Amino acid sequence: MEIKTDEYSVTYDSDIIVCKGSLLLNSSAEYAPILNLFNSVAEKQIQPLTLDVRNLEFLNSSGINTFTKFIVNVRKKQVLQLIAIGYGEIPWQVRFLKNLQRLMPSLVLKLE
Amino acid sequence: METQIFGHFVEDSSGSMEYLKIGLLPSCLSIKESWQTNGLSADFIANYVQTFFIGQPQNTDAPIPIQSKHAVKYIANELLENAMKFNDNKSQHFIEISFKLYNDKLIFHVTHDVNSKNVVKLKEFLKEIINGDPQDLYFNRMEANAINDDKGSGLGLLSMMCDYSAKLGWKFEISKYNAPITLTTMVCLNI
């Protein structure tokens with residue numbers, strides 16, 4: 001499962017969602033395909049799911065909103081174990097993932 | 001001319017080391033093209049400012065320090081996105097973004113016309129974030145958006161305050177002659 005453009009890609013394969021590039025889309029409407037991919041993966045996923053943002057270079061506030069909606073959705077279902085991976089040396093990734101963990105305390109953070 | 005100030009608004013530029021202003025005219029482009037110029041302008045500003053940070057000590061305790069290139073790009077991009085969203089689409093004036101660099105702070109100003117229909121709701125939101133606890137509002141907003149975000153996420157300004165320790169202020173300039181209302185948003189970041 002993949003969404004790919006010149007600016008970014010979101011790919012699901014082997015229990016991992018990998019986000020790459022710059023997400024600068026306009027409003028929830030433009031982010032809907034990405035949120036749909038996240039939610040449809042979570043719906044079918046049985047094994048722990050990993051969210052890898054190490055190669056995500058930029059995320060605007062509408063993008064933050066998309067990820068937080070997904071996290072709240074997963075938290076409400078109380079079934080899926082979620083792991084998030086970012087780089088510990090990239091301050092915005094650390095802050096972003098810690099904010100997600102505040103929304104969902106069971107989220108496992110891996111800061112490399 | 002009537003002026004209304006909200007929050008921490010600073011206009012004085014005395015003592016600034018460096019100054020840059022960019023003007024964008026959204027009516028010249030499609031919405032999609034205009035949106036793309038936000039990221040390009042924010043990228044340019046971030047690269048430009050970065051040259052002044054090389055070798056400088058990092059004194060701020062902000063969760064995301066302004067010295068990281070991502071920080072300046074994020075702030076500039078959010079300000080431009082908001083300006084595009086709230087700009088009066090009948091306005092023929094430029095959306096202007098400027099930054100002033102001081103020894104101890106970086107200040108952005110973004111000026112554009114706003115449709116008077118949006119002003120009441122905007123002022124209500126500004127009063128809420130000025131008088132409330134930004135951290136609580138930020139996370140409450142995330143929770144609320146998971147149920148319904150039809151009116152926009154509202155996370156941009158709150159993320160600047162919570163994740164970048166930014167101080168924000170707003171100036172509304174209301175003409176007596178039925179002209180559009182001009183809004184200037186100010187963001188101040190400690191270096």
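In which helix of chain B is Met84(B) placed? Met84(B) sits in helix H2 of chain B. Helices and strands here are DSSP runs numbered from the N terminus, with helices (H or I) of at least four residues and strands (E) of at least two. The model is predicted: local features need pLDDT of at least 70, side-chain atom pairs count only at pLDDT 80 or more, and totals for chains, interfaces and linings use all residues. Residues are numbered from 1 along each chain as its sequence is written, while chains are lettered from A and ligands numbered from 1 in the order in which they are written.

Met84(B) counts as partly exposed, with 19 C-beta neighbours inside 10 Å. The class follows from a count of other C-beta atoms, placed from the backbone, within 10 Å of the residue's own: 20 or more is buried, 12 or fewer is exposed, and anything in between is partly exposed. Leaving aside neighbours within four places in sequence, Met84(B) is in contact with Pro26(B), Ser34(B), Trp35(B) and Asn38(B). Contact requires C-beta atoms, placed from the backbone, within 7 Å. Ala179(B) is 95 residues from Met84(B) in sequence, and their C-alpha atoms are 19 Å apart. Gln36(B) belongs to helix H1 (residues 31–53) of chain B. Gln36(B) has 15 C-beta neighbours inside 10 Å and is likewise classed as partly exposed. Its C-alpha atom is separated by 30 Å from that of Gln135(B), 99 residues away along the chain.

The largest nonpolar core has 64 residues. Such a core is a set of buried Ala, Val, Leu, Ile, Met, Phe, Trp, Tyr and Cys residues joined through C-beta atoms within 7 Å. Ile75(B), Ala76(B), Leu79(B), Phe108(B), Tyr164(B) and Val187(B) touch the most other members. Helix H2 (residues 69–86) of chain B supplies the largest share of this core, eight residues. Tyr164(B) touches Ala62(B), Ile64(B), Ile66(B), Ala71(B), Ile75(B) and Leu189(B), with residues up to four places away in sequence not counted.

The contact between the chains takes 19 residues from chain A and 23 residues from chain B. On the side of chain A that touches chain B, helix H1 (27–44), helix H2 (61–77) and helix H3 (91–103) of chain A each supply at least two residues. The largest share of that side, eight residues, comes from H2(A). By class, the side of chain A has seven nonpolar, nine polar and three charged residues. Ala, Val, Leu, Ile, Met, Phe, Trp, Tyr, Cys and Pro count as nonpolar, Asp, Glu, Lys and Arg as charged, and the others, Gly among them, as polar.

Two packed helices are described by the angle between their axes and the distance between the axes. Axes are lines fitted to C-alpha atoms, for helices over the stretch in contact, and angles run from 0 to 180 degrees between N-to-C directions. H2(A) and helix H5 (residues 155–163) of chain B pack at about 90°, with axes 9 Å apart. H2(A) is therefore roughly perpendicular to H5(B). Angles of 65 to 115 degrees count as roughly perpendicular, under 35 as roughly parallel, over 145 as roughly antiparallel and the rest as oblique. Ser61(A), Ile64(A) and Asn65(A) in H2(A) meet Leu155(B), Gly156(B) and Ser159(B) in H5(B). This contact has two nonpolar, four polar and no charged residues.

Within chain A, the axes of H2(A) and H3(A) come within 9 Å and cross at roughly 30°. H2(A) is thus roughly parallel to H3(A). From H2(A), the contact uses Ile64(A), Phe67(A), Thr68(A), Ile71(A), Val72(A) and Arg75(A), and from H3(A), Phe96(A), Leu100(A) and Leu103(A). These residues divide into seven nonpolar, one polar and one charged. Val72(A) is partly exposed, with 18 other C-beta atoms within 10 Å. Residues up to four places away in sequence aside, Val72(A) touches Leu103(A), Glu143(B) and Ala146(B). Val72(A) and Ser62(A) lie ten residues apart in sequence and 15 Å apart, C-alpha to C-alpha.

Most residues other than glycine have a negative phi. Asp15(A), not a glycine, has a positive phi near 70°. Asp15(A) occupies the loop between strand S2 (8–13) and strand S3 (16–23) of chain A. With 13 other C-beta atoms within 10 Å, Asp15(A) is partly exposed. Gln78(A) also has a positive phi, about 55°, although not a glycine. Its place is in the loop between H2 and strand S6 (82–86) of chain A. Gln78(A) counts as exposed, with 7 C-beta neighbours inside 10 Å.

Conventions
Contact = placed C-beta atoms within 7 Å.
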